[in-house]
Amino acid sequence: MKVGVFCVLLLACASARAQTPLIANAGGRQGLSLDGRWQTIIDPYENGFYDYRYQESPNGYFKNAKPKTPADLVEYDFDDSPQMYVPGDWNSQDERLLFYEGTVWYEKSFDYPKRPGARLFVHFGGANYETIVYLNGEKLGRHEGGFTPFDFEVTGRARERGNFLVVKVDNKRRRDAVPTLNTDWWNYGGLTRSVSLVEVPDTFVRDYFVQLKKGSREEVGGWVKLDGPAAANQAVTVEIPEAKIKETFKTDAEGLAQVSFKTRLDLWSPESPKLYRVRVSAGADAVEERIGFRSIETKGQDILLNGRPVFLRGISIHEESPLRGGRAFNDADARMLLGWAKELGCNFVRLAHYPHNEQMTRVADELGLMVWSEVPVYWTILWDNPETFANAKNQLGEMIARDRNRASVVLWSVANETPVSEPRNRFLRGLVEHARALDPTRLLTAANERHYADPTTQVVDDPLGEVLDVLGCNEYVGWYDGPPEKADRLSWKVTLEKPLVISEFGGDALAGRHGDKSERWTEEYQRDIYEHQIKMLRRIPSLRGMSPWILTDFRSPRRPLPRIQDFYNRKGLISNRGERKQAFYVLQSFYRELSKEGK
Ligand code: GCU
């Protein structure tokens, strides 16, 4: 396909897919949580959506119909159907659904007497994978992507009493989707994150970006976007009371105000994760949250946090609640996972392979952990498909929109282990460009692969590196690639003068399984991998960080080995029962060494 045509198609699809821009900091607004028990109907044949001719039915389950007379034929009944918790995946709530991939319908009834003149939105923190939302029998819209927030305006559609919200969630995998058909994580389905009603004044602060300007430690820059009839030429105020800051700016004809002011703030860092209460107000609306201010940039092979070189002592994490099982979604899950990372001695976490829930990045702000946040452009995506690109671009936009005010988030990652080709390069360069346009303050990266120039020389020269700030590289020397001691013989050739982060290495071990270190699946073997890896990584001149694979064992449909894996990837340093494996302590003492060296 000619490049010109491909770009035109890309842009066309991108505009067709655009959803209502997200409401920033939805959790900090007035409203009503709809979390709790929801009525559910499991619908593998999508009988509630299609008629017998497989046409979209005007009388689907979204009508929440009830027989009016004994003669009426209605073949479903939400009120009498099983309940499931929201937020929560269905796989871990009903053992019949552990492997289920398909549609589940959710229904929630609510009353909401809103203030006169106010506007009302229904907000979803995230739902996997394709979500269609109806209110009182009317379609509000559709969202695609399992890990980013979305909302729909329901002003004038919601009534004071007797509302019913019906949501069709379908986690079926598709070749053209993002992610595509094969992943090494469990395809948890459902309303996996919180659902709420958000009430705002007629003209309100829809979105804002308040961070230090790129490369500056004394100048705050950003913008405030108003939405509503009085959005144009309106005064907006940004306040940081603790720092005695109160600055007012004016919106333009589109309701956008550029924010810029000089100040001296205590900067956020892992050692001192300083957060300020920041208040953004305009007219009748005001919203506030805790925000940290820090600068992040690269210089040659160095990553500079607040102007000083920093080493990213990290660990990779999947969004799974280890002890409870299922998707992690609340504050307690985040504090457990990130608390364990702190115990390891980390100042950095790679949240793989998709944007984790908002609690994770907010708790990372608080605990002082730098974050790598990633969109699920994983393995072999359909690079030449404009729809797929528009979908990936949209998920990237939503990820950035939700977390652009999180000091902890220092890296946006656009991909993981994707095969080099021109269509792939074009696709990923497009995502990098989009991310830079949305957020010029953070670093761009991707978890790429390396290859051998000869049996002992590994080369990192992925062409995508040209447009990235930080080179991410996954390698499994000692597990998929030779025995652990092979690492002792290897050297690294990194062609670009940029910081390198080893975004994955590791090996499987079943907690409590012991034996000779040459015996796979034992803690001794995993420990041996870490010991050889650490020696090898110390020899790489441009290494500025690492996030070994992975903090805890996690569910994977690709891991059936009985009595060892049992559908778990066992590369965790901590088991799914919370047991620390020997390698946990190897990495912990290495990170202690590094922090003693000021790294
Ligand atoms: C890959 C991939 C991970 C996967 C890991 C493994 O590198 O990025 O998602 O789980 O290897 O094989 O354990």
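Modeller: An oxygen atom of the ligand is 3.0 Å from an N or O atom in the side chain of Arg559. This is a predicted model, in which local features need pLDDT of at least 70 and side-chain atom pairs count only at pLDDT 80 or more, while totals for chains, interfaces and linings use all residues. Residues are numbered from 1 along each chain as its sequence is written, and side-chain values use heavy atoms, leaving out hydrogens and water.

Biologist: Which side chain has an N or O atom 2.7 Å from a ligand oxygen?

Modeller: A polar contact here is a pair of N or O atoms within 3.5 Å; within protein, one must be able to donate a hydrogen and the other to accept it, and residues adjacent in sequence count only if both atoms are side-chain atoms. Trp549 places a polar side-chain atom 3.1 Å from an oxygen atom of the ligand. The side chain at 2.7 Å is that of His353.

Biologist: Why does the radius of gyration agree with a compact globule?

Modeller: The radius is taken over C-alpha atoms, and the globule rule is 2.2 Å times the number of residues to the power 0.38. With 599 residues, the rule gives a value near 25 Å, so the protein agrees with it, having 25 Å.

Biologist: What share of the 599 residues counts as buried?

Modeller: Buried means under 20% relative accessible area, exposed over 50%, and partly exposed in between (1.4 Å probe, protein chains only). By that cut-off, the buried share of the protein's residues is 61%.
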